[in-house]
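Let's walk through a protein model together and look at how its parts meet. Have the sequence and the 3D view ready.

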Amino acid sequence: MDQNEAPILDALEDYHRLDRYGFTPPGHRQGRGVDKRTLDVLGADPFRNDVLASAGLDDRSSSNGYLQQAQDLMADAVGAEQTFFSTCGSSLSVKAAILAVTRGTGEILIGRDAHKSVTAGLILSGLQPRWIRPQWDNELHIAHPPSPETVEQMWQRHPDAAACLIVSPTPYGTCADIEAIAEICHRRGKPLIVDEAWGAHLPFHKDLPTWAMNAGADICVVSVHKLGLGFEQGSVYHLQGSLVDPVRLKQCADLLATTSTNVLMYAGLDGWRRHMVQSGEEELDAALKLVEAVRARINDLPGLHVLHDELIREEASHDFDPLHVLIDVKQLGISGYQAADWLRAERRIDVGLNDHRRIEATFSQSDSQETADRLLEALSALVQAAPELPEPSQVLLPDSSDLEMETVRLPRDAFFGPVEVVPAREAEGRIAAEQITPYPPGIPAVLPGERINGRVIEYLLSGVEAGMVLPDPADPELNTIRVTRE
Ligand SMILES: Cc1ncc(COP(=O)(O)O)c(C=O)c1O
């Protein structure tokens with residue numbers, strides 16, 4: 001295929017050149033009706049290019065097939081058999097994948113370190129999760145992807161499960177041995193779904209961890225907005241092999257998706273793919289060199305430590321994406337929450353993941369020496385400022401065994417059934433009816449259907465006190481928790 005083409009971008013150019021006009025949504029009429037104050041902030045171009053996908057960009061039957069061509073080009077670029085675009089993030093794509101591999105009941109093997117969008121798929125599908133234990137680092141309190149041995153044991157215990165789903169890379173950049181896990185699944189004729197939300201760039205550089213499709217995954221879900229250069233919400237999911245029916249996958253996505261797909265997002269995905277094919281390797285090369293130097297310079301700052309060896313040692317992670325710069329601030333005597341808040345308030349820099357002792361800066365090929373210097377200056381100022389910051393509130397960290405709560409009801413039944421709201425500490429021993437997720441990284445500590453233990457409650461309460469954010473429970477302060485009515 002001709003990877004120099006970008007059919008959606010070309011179609012958008014044609015749309016304007018031919019002076020098309022639609023008496024159809026969007027009502028803003030390519031910005032003509034939009035209030036000046038809005039245009040002053042957003043500019044005219046987002047509205048100008050926000051056109052209807054069918055009966056707009058393409059004709060009413062999409063006979064030109066622009067979207068299909070763009071998806072085919074993406075599949076060709078990364079070596080997948082089929083690719084689908086989604087404008088609703090990997091959050092939609094992973095749910096579609098879960099629904100597609102089941103018949104509405106049954107079991108699925110799933111890493112307990114899955115993102116909340118994946119566990120939401122359990123609530124929607126009605127499936128019984130069979131939790132695969134991630135590799136826990138009890139010292140660092142970090143979960144790494146599960147080992148092939150653990151996946152093998154889970155298949156032995158639950159041979160009828162419909163599929164296996166794992167997250168790799170994790171939000172920390174640690175990666176599973178996908179090849180070995182895929183082989184274990186395929187020996188049983190079962191599909192492997194890899195949530196590779198953090199792996200958009202992986203197919204485009206040989207020194208990055210193996211990307212899931214090359215390692216044999218059946219479905220791989222990617223957020224192009226995370227470490228790729230697409231718009232927020234732009235996601236693609238890829239399919240190969242014969243274990244998952246493509247029609248079913250597409251129809252499951254259709255059940256969840258909007259009928260008003262955003263052409264801007266499609267165009268962003270289309271342009272990004274062309275860009276990556278043409279210069280991705282070179283730009284990622286520069287990003288990898290830059291990040292290597294940044295890591296070394298952060299390590300030179302007193303009190304800061306960039307995690308690396310401890311993330312890839314035996315019993316940790318099979319591989320690692322160094323663009324995730326995970327910085328331990330514990331020696332500064334502050335928490336990651338304090339560091340993140342200070343960097344935003346004092347240096348106008350936002351970092352991603354933050355927890356009781358770490359912050360994470362993710363680098364992409366868009367970063368440069370200038371942006372890296374900005375981070376380094378800010379971190380060096382943080383080192384100076386840290387002694388003046390208040391002592392951090394202590395987070396009562398649970399052991400991995402405390403976090404492995406028993407799933408005693410189907411997540412769907414617990415979520416949709418009758419609920420009761422109880423004071424947090426009285427929820428001990430009760431069955432959760434809601435997800436409770438420290439965000440970022442977005443891995444639920446409590447899931448509907450799990451019997452809540454006291455140590456997890458104390459962890460979350462002390463976490464909130466220290467600055468942890470819990471966006472999904474009905475009461476984000478966690479004075480109360482929703483549990484099933486007994
Ligand atoms: C591992 C993982 N999976 C899925 C998602 C959801 O992706 P999106 O934000 O594209 O919906 C995230 C988001 O942070 C994630 O970290």
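Across the interface of domain 1 and domain 2, eight residue pairs are in polar contact, both residues at pLDDT 80 or more. A polar contact here is a pair of N or O atoms within 3.5 Å; within protein, one must be able to donate a hydrogen and the other to accept it, and residues adjacent in sequence count only if both atoms are side-chain atoms. On the side of domain 1 that touches domain 2, strands S4 (135-137), S5 (142-144) and S7 (174-175) each supply at least two residues. Strands are DSSP runs of E, at least two residues long, numbered from the N terminus.

Keep in mind that this is a predicted model: local features need pLDDT of at least 70, side-chain atom pairs count only at pLDDT 80 or more, and totals for chains, interfaces and linings use all residues. Residues are numbered from 1 along each chain as its sequence is written, and side-chain values use heavy atoms, with hydrogens and water left out.

So where do the domains lie along the chain? Domain 1 covers 7-274, domain 2 covers 279-388 and domain 3 covers 400-484, with bounds from an automatic or database domain assignment. The C-alpha centres of domains 1 and 2 are 27 Å apart.

Back at the interface, 28 residues of domain 1 are in contact with 30 residues of domain 2, contact meaning heavy atoms within 4.5 Å. There is also one salt bridge between these two domains (a side-chain nitrogen of Lys or Arg within 4 Å of a carboxyl oxygen of Asp or Glu). Look for Glu281 and Lys206, whose side chains form a salt bridge at 3.7 Å, N to O.

Notes:
Helices (H or I, at least four residues) and strands (E, at least two) are DSSP runs, numbered from the N terminus.
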